[in-house]
Amino acid sequence: RLGTDLEASVCWMDDQPLVTGRPYIIKHTTRETRAMVIEVEHRLDINTLEKEEATSLKLNEIGRIKIKTQNPINFDPYTRNRQTGSFIIIDPQSNNTVAAGMISGLTGQGQK
């Protein structure tokens with residue numbers, strides 16, 4: 001699949017919380033592209049595995065997000081191929097890896 005609007009599950013690994021609308025860098029396989037987290041759909045309560053409403057993710061929280069990339073990404077869902085279904089998110093200011101993610105599919109926009 002090829003697209004710019006992705007749904008993914010991520011584990012946030014930074015002391016600074018995820019900020020929707022802020023520019024990040026997505027590293028997917030050998031490519032990098034600018035990206036923005038458009039929405040945090042929910043956070044996962046690791047004790048009960050229940051979905052909780054959330055607008056951000058903090059250190060070690062797991063959640064489902066929608067991402068808009070500047071350039072199309074050629075991917076497979078993570079359940080099909082771990083190499084082409086995974087990515088990391090990099091903070092362009094600090095160059096730190098702030099999250100690791102698994103692509104589930106397209107959001108319905110940006111499909112090709």
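Relative accessible area was classed as buried under 20%, exposed over 50% and partly exposed in between, with a 1.4 Å probe and protein chains only. The structure is a predicted model, in which local features need pLDDT of at least 70 and side-chain atom pairs count only at pLDDT 80 or more, while totals for chains, interfaces and linings use all residues. Residues are numbered from 1 along each chain as its sequence is written, and side-chain values use heavy atoms, with hydrogens and water left out.

Most residues other than glycine have a negative phi. Positive values were computed for N95, with a phi of about 65°, and for N60, with a phi near 70°. Strands are DSSP runs of E with at least two residues, and helices are runs of H or I with at least four, numbered from the N terminus. On this basis N95 falls in the loop that links β6 (86-90) and β7 (97-106). The relative accessibility of N95 is 58%, so this residue counts as exposed. N60 is located in the loop between β4 (51-52) and β5 (62-74), and its relative accessible area of 55% means that N60 is exposed.

Two strands are taken to pair if DSSP finds at least two bridges between them. Strand β1 (residues 2-12) pairs with β5 in the antiparallel sense over 9 bridges, and G3 has I73 of β5 as its bridge partner. Strand β3 (residues 31-44) is likewise antiparallel to β5, with 8 bridges; here E39 is bridged to K66 in β5.
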